[in-house]
Amino acid sequence: MSEPDDDLIPSVFARECASRAVLADVTGRWGTLALAALHEGAYRFNALRRRVDGVSEKMLAQTLQALERDGLVRREVQATIPPRVEYSLTEMGERVAAKLVELIELVEGEIGRVRSAQQEYDQAR
């Protein structure tokens with residue numbers, strides 16, 4: 001029996017693997033926050049921009065386009081005047097966002113310990 005071709009086995013550790021680019025989109029500064037916000041429900045662009053405090057319009061648009069291309073975000077244009085655009089998560093996006101929300105909750109829950117560790121580190125330097 002032959003071994004499967006290494007090119008067919010996804011691995012984020014392989015430089016050319018497509019999963020690495022998707023992981024970068026998901027875990028980028030704004031990707032994580034956009035996905036976590038959309039885990040709460042669908043948002044219009046400006047409402048999402050307000051929810052993800054600090055993101056520029058340009059960066060949010062680029063982030064949403066990348067996540068839509070990756071199959072994680074759905075962009076729905078409603079035929080109204082002016083057109084209404086709403087963003088939501090796909091089924092795969094929901095699964096990814098749920099994991100990110102778990103991570104966010106873990107980090108938020110441990111922020112006291114993180115601050116203590118940072119303070120100890122900074123004092124030792």
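The side chains of Glu 57 and Arg 49 meet in a salt bridge with an N to O distance of 3.9 Å, a salt bridge being a side-chain nitrogen of Lys or Arg within 4 Å of a carboxyl oxygen of Asp or Glu. The model is a predicted one, in which local features need pLDDT of at least 70 and side-chain atom pairs count only at pLDDT 80 or more, whereas totals for chains, interfaces and linings use all residues. Residues are numbered from 1 along each chain as its sequence is written, and side-chain values use heavy atoms, with hydrogens and water left out. Glu 57 is partly exposed at a relative accessible area of 48%, and Arg 49 is likewise partly exposed, at 32%; here buried means under 20% relative accessible area, exposed over 50%, and partly exposed in between (1.4 Å probe, protein chains only).

By this rule the count comes to five salt bridges. One of them joins the side chains of Glu 40 and Arg 51, at 2.6 Å from N to O; because Glu 40 lies in the loop between H2 and strand S1 (43–44) and Arg 51 in helix H3 (residues 45–51), the pair ties together parts that are eleven residues apart in sequence. Helices (H or I, at least four residues) and strands (E, at least two) are DSSP runs, numbered from the N terminus. A further salt bridge links Glu 91 with Arg 95, the closest N and O atoms being 3.7 Å apart, and these two residues, four apart in helix H5, are separated by about one helical turn. Glu 91 is exposed, with a relative accessible area of 62%, as is Arg 95, with 52%.

The axes of helix H1 (residues 18–27) and helix H2 (residues 29–38) come within 4 Å and cross at roughly 70°, where axes are lines fitted to C-alpha atoms, for helices over the stretch in contact, and angles run from 0 to 180 degrees between N-to-C directions. H1 and H2 are therefore roughly perpendicular to each other, a term for angles of 65 to 115 degrees, with those under 35 counting as roughly parallel, those over 145 as roughly antiparallel and the rest as oblique. Asp 25, Val 26 and Thr 27 of H1 make the contact with Arg 29, Gly 31, Thr 32 and Leu 35 of H2, contact meaning heavy atoms within 4.5 Å.

Ser 88, which lies in strand S3 (residues 84–89), counts as buried at 17% relative accessibility. Residues up to four places away in sequence not being counted, Ser 88 touches Leu 38, Ala 42, Leu 72, Val 73 and Arg 74.
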